[in-house]
Every structure is written in structure tokens, then in C-alpha cells.
Amino acid sequence: MGRPGLDRRQLLAAAGGLAVAGSFGFAALGTGADALASGADTRVRYWNLFSGGDGANMIAMLDAFRKENPGIDVKDSTLQWGNPFYTKLAMAAAGNRAPELSVMHLGRVAGFSPGRLLDPWDMDLLAKYGVRKEDYNPALWNRGVIDGKLYALPLDIHVQLCFYRKDVLKKADLLGDDGRMIPVGSTTEWFDVLKKAKKVQKKGLQTIGLWTNDQNFQWWFFVAFYTQLGGQWFDESRTQVLFDADKATQVLEFLRQHVTDGYVVPGAPTGEQFINGAPFTWEGNWSVPVFSGAGLDYGATPLPPVFGEPATHAESHAFVLPHQSGRGGATNEAAHRLAAYVVQHAQQWAAGGHIPAYTPTLTSAAYRKLAPQNEYVSAMDHQATEPKVWFAGSTGVLAQDLGPIVVSSTMGSAKPAAVAARMRSRLTTLLASKNPMDGKTAAQGGAVA
């Protein structure tokens with residue numbers, strides 16, 4: 001596979017000038033001149049974007065791998081989350097200075113020019129180290145497949161959840177005999193739950209934290225409920241917009257009602273209010289360690305299926321192989337071995353709230369004992385994901401374009417129906433736009449698995 005046909009100037013333009021000043025110091029992130037650890041004969045440079053609790057868990061898994069594989073020197077580097085990370089990774093791959101292994105959000109893979117900036121996984125090597133297609137949820141696995149080749153090996157899915165305070169809901173008679181929140185199956189039932197919870201909650205707190213003015217969370221919530229309605233985005237050829245403005249309006253009106261009915265205090269700190277006694281908050285599963293660390297009596301479910309079909313927004317951290325013109329040999333095999341090891345030893349990763357992608361871990365007795373993880377494990381089978389196009393994915397163009405529009409409806413500065421029409425218009429524009437990474441439209445960017 002030849003060197004990608006992208007130069008530094010193109011990549012700077014593609015990144016929109018986002019935080020590229022620090023992108024040139026690749027030597028600090030690991031190069032071929034780095035000395036091997038004592039006793040090692042192979043080096044794997046590994047880039048990730050994990051900080052905080054996730055960072056600590058990842059380091060622990062890497063240390064365990066190092067102990068079991070002293071012949072492999074893992075040089076891990078943590079970079080800034082978001083677009084700065086993707087800018088640096090793209091420039092490294094284009095400049096033939098890429099690491100052997102990296103992490104990427106699965107939704108960004110289609111736009112990262114697979115075959116030019118990413119190399120495909122060697123299925124035989126993965127199988128050699130114990131990882132096979134059969135070990136995964138089919139829908140999750142296929143999200144990493146482009147033109148019949150696997151470009152992303154999922155580590156987890158991370159989802160948006162409905163966190164609830166058991167102590168408050170017990171007072172409102174909203175807990176079932178199993179000690180969990182009663183099931184909800186419609187918007188009417190959901191707002192009835194909020195009404196009952198509000199009557200018994202502490203004064204001065206909102207009933208639910210909804211991140212009303214945050215473009216990312218509002219976009220993620222929209223994707224979840226639009227999926228519950230069976231909403232589509234594009235046709236299979238990625239040439240026509242199938243976005244349903246009527247269904248979108250239903251979702252936007254639902255989100256807005258939380259504000260108009262007084263269940264949300266716009267701008268209020270969501271997690272802090274929940275810790276202080278607010279009945280509900282919608283947050284990512286990464287909040288599990290925070291709320292557990294605070295000693296709360298709480299539960300967490302996927303976002304309520306208020307439109308009938310269960311679906312909650314899901315993204316995935318996945319391992320990728322950044323393009324190297326000379327990829328192969330011992331370093332490439334070591335990269336496969338490291339990724340396979342972490343995927344198979346993700347019990348500690350799951351303790352941080354993430355749902356493990358590797359089915360043997362997902363179905364293990366040890367994982368099923370984790371609470372509240374065992375309450376939202378069903379999200380693996382009900383993932384609401386963004387469409388598989390170059391402009392989608394975490395912090396991608398789609399979220400940046402449509403997220404603020406959703407916020408304008410939720411906050412009341414624009415009418416839901418008008419916002420739905422604007423969303424469809426933006427989707428039409430994006431579908432015809434070319435990926436700055438390779439100059440291709442979504443229809444030209446490769447077959448959907």
C-alpha cells in the first residue's frame with residue numbers, strides 16, 4: 001500500500017486550522033529513534049485520547065500487557081481529545097510518521113480515508129491472538145468495515161443514559177419490585193414520571209439534567225429519539241436525503257417540553273445537581289465512576305423508549321492502524337497483539353462505565369455483577385448511531401453543524417418545525433460536500449458494510 005496522497009497543506013486545510021500548532025512535535029510522541037525498553041526487541045507506539053479515570057484504566061491494562069509481554073515495548077502517548085487529536089493523527093499518517101496503533105471514535109472512521117490514512121486489520125493475526133468477528137455484536141463490527149475490509153476494532157460502546165436517584169424515586173412510588181425505575185413506554189408516561197418526581201424532590205433543584213445548551217449532548221439525545229421513531233438519514237447509495245422532518249419535529253418538541261414544563265433549569269450544572277438530590281440526569285456512561293464515588297443510591301438505564309422502540313445514542317472507542325508505508329513485520333504483529341489483548345481484558349475498562357465490545361467479556365459473570373452496568377447492558381443491542389458518512393462521528397462536522405440547531409429549539413430561540421427544516425437543508429448540503437481528506441462525497445467514499 002503506497003503513501004497517502006495528501007500533503008501537510010491539504011491536511012491543515014482539512015482540519016480547518018484546529019489546534020495544529022502543536023502538531024509538529026511528533027518526535028516527542030515517539031519516533032523510530034526511541035530507545036527500546038530494557039529486554040524488549042519490538043516497539044509499539046500507541047496514541048490515545050484517554051484522560052482522567054479512563055486514562056488510569058488504560059494505563060493499568062497496558063502495564064498488565066507489558067508484564068505478560070516483556071519482549072514488546074509499548075510507548076503510549078495521550079493526546080488532546082477531539083479535533084486536535086484527529087488533526088495530529090492525520091498529519092502523522094500523511095507524513096509517514098504514524099504510530100503503529102491508535103484509538104479512534106468509530107463514527108470517524110468513514111471520514112478518515114480508509115486505505116490512505118488507515119491500514120486494514122490483518123484478520124489472521126487477530127485470530128492468532130484470539131479475536132474474531134464472531135466475538136462481536138454484528139452491527140458494531142460492521143461499522144468498522146469499509147469496502148469489505150476491517151479498519152476499526154471496537155473496544156467498547158459508550159452510551160447516553162438516564163441516571164436516577166433511587167431514594168427520590170422511592171418516595172414518588174416510581175421504583176418497581178426489583179428496586180429499579182418503573183418502565184416507560186411513551187412521552188405521556190415519561191412526563192408523568194417527571195411530574196411525580198418533582199413533587200417529592202428537594203426544593204431549589206431541577207427535576208432532570210438535560211444539558212439543554214450543550215450542542216454535543218443535545219445532538220446525541222436527538223439521534224437517540226429520532227432512531228426510536230425509525231427515522232432515516234440517507235438512502236443506501238448515500239445520494240438522497242431521507243431525513244423525516246415530521247419525525248424530527250416530534251423529537252424537538254419532546255426535548256423542548258422539558259424546559260417549558262419547568263423540569264429543567266437551563267444552564268444548571270447537571271451532574272452536581274444530581275449528586276445534590278435532583279431525581280434524574282441524562283449523562284454519558286463515563287459518569288458512573290463519579291456518581292459511584294459520591295456514594296449515591298442510584299441506577300442507570302438506557303434513555304427511555306418514549307417513542308416505542310428502544311434506542312440510545314452510542315459511540316465506540318476502536319483501535320485503528322494509522323497508515324505506514326512500510327507496515328508489516330514484528331511491529332505490526334505486536335500492534336495486533338496489543339489491541340487483541342486490551343479488547344480481551346476490558347473488565348477493568350468496563351468498571352469505568354463503558355460497555356465492553358468483546359462478547360466473552362460482555363457476557364461474563366464478572367461483568368454481569370457490576371452495577372449499574374448490568375442495568376444498561378441491553379444498550380449493546382439497541383444502538384442509535386450516526387449515519388456512516390465522512391462527516392459523522394464524535395466532534396465531527398455533522399454534530400458541529402446540527403448540534404447548535406437542536407439547541408436553538410430546546411432553548412426556545414427557534415420553533416421545532418423550522419429547526420427540522422433547517423436540519424434537512426444542512427443534511428442535503430453535507431451529502432453533496434466533499435471530504436477534505438480525499439476529495440470524495442459520501443456516495444464516493446466506499447461501500448457500506
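In the predicted model, Asp76 and Arg66 form a salt bridge with the closest N and O atoms 2.6 Å apart, a salt bridge being defined as a side-chain nitrogen of Lys or Arg within 4 Å of a carboxyl oxygen of Asp or Glu. The pair links distant parts of the chain, with Asp76 in strand β2 (residues 72-78) and Arg66 in helix α2 (residues 52-68), 10 residues apart. Helices (H or I, at least four residues) and strands (E, at least two) are DSSP runs numbered from the N terminus. Asp76 counts as partly exposed because its relative accessibility is 28%, and Arg66 counts as partly exposed at 24%; buried means under 20% relative accessible area, exposed over 50%, and partly exposed in between (1.4 Å probe, protein chains only).

The model is a predicted one, in which local features need pLDDT of at least 70 and side-chain atom pairs count only at pLDDT 80 or more, whereas totals for chains, interfaces and linings use all residues. Residues are numbered from 1 along each chain as its sequence is written, and side-chain values use heavy atoms, with hydrogens and water left out.

A second salt bridge is formed by the side chains of Arg426 and Asp401, at an N to O distance of 2.2 Å. This pair likewise links distant parts of the chain, Arg426 lying in helix α18 and Asp401 in helix α17 (residues 397-410), 25 residues apart. Arg426 is partly exposed at 28% relative accessibility, and Asp401 is partly exposed with a relative accessible area of 22%. Salt bridges that share partners join Asp63, Arg66 and Asp76 into one network.

The search of the whole structure finds eight salt bridges. Among them is the contact between the side chains of Arg45 and Glu100, 2.7 Å from N to O. Here, distant parts of the chain are linked across 55 residues: Arg45 belongs to strand β1 (residues 42-48), and Glu100 to the loop between α3 (83-94) and β3 (101-105). Arg45 counts as buried because its relative accessibility is 10%, and Glu100 counts as buried at 5%.

Strand β8 (residues 156-165) is mostly covered, with 10 of its 10 residues buried. Asp156, His158, Gln160, Cys162 and Tyr164 point one way from β8, while Ile157, Val159, Leu161, Phe163 and Arg165 point the other way. Strands are taken as paired if DSSP finds at least two bridges between them. Strand β8 runs antiparallel to strand β10 (residues 280-284), to which five bridges join it, and Tyr164 has Phe280 as its bridge partner in β10. Five bridges also join β8 to strand β11 (residues 298-302) in the antiparallel sense, where Leu161 stands opposite Pro302. Strand β14 (residues 355-356) pairs with β8 in the antiparallel sense over two bridges, Pro356 being the bridge partner of Asp156.

The structure holds 35 aromatic pairs. Rings of Phe, Tyr and Trp (its six-membered ring) pair if their centres lie within 6.5 Å, and planes under 30 degrees apart count as stacked, over 60 as edge-to-face and the rest as tilted. The rings of Phe163 and Phe291 have centres 5.0 Å apart and planes at 80°, so this pair is edge-to-face. Phe163 in strand β8 and Phe291 in helix α11 (residues 288-293) are 128 residues apart, and the pair links distant parts of the chain. Both Phe163 and Phe291 are buried. The rings of Phe191 and Tyr263, by contrast, are stacked because their planes lie at 25°, with the centres 6.3 Å apart. Phe191 is located in helix α7 (residues 187-200) and Tyr263 in the loop between α9 (245-260) and α10 (270-275), 72 residues apart. Phe191 is buried with a relative accessible area of 9%, and Tyr263 is buried with 8%.

The charged end of Arg108 sits over the ring of Tyr86, 4.2 Å from its centre; this assignment requires NZ of Lys or CZ of Arg within 6 Å of the ring centre and within 35 degrees of the ring normal.

Lys434 lies in the segment after α18 (416-432) and counts as exposed because its relative accessibility is 57%. Residues up to four places away in sequence not counted, Lys434 touches Trp390, Gly439, Lys440 and Thr441, contact meaning heavy atoms within 4.5 Å. Lys434 and Gly445 are 11 residues apart in sequence and 9.4 Å apart in space, C-alpha to C-alpha.
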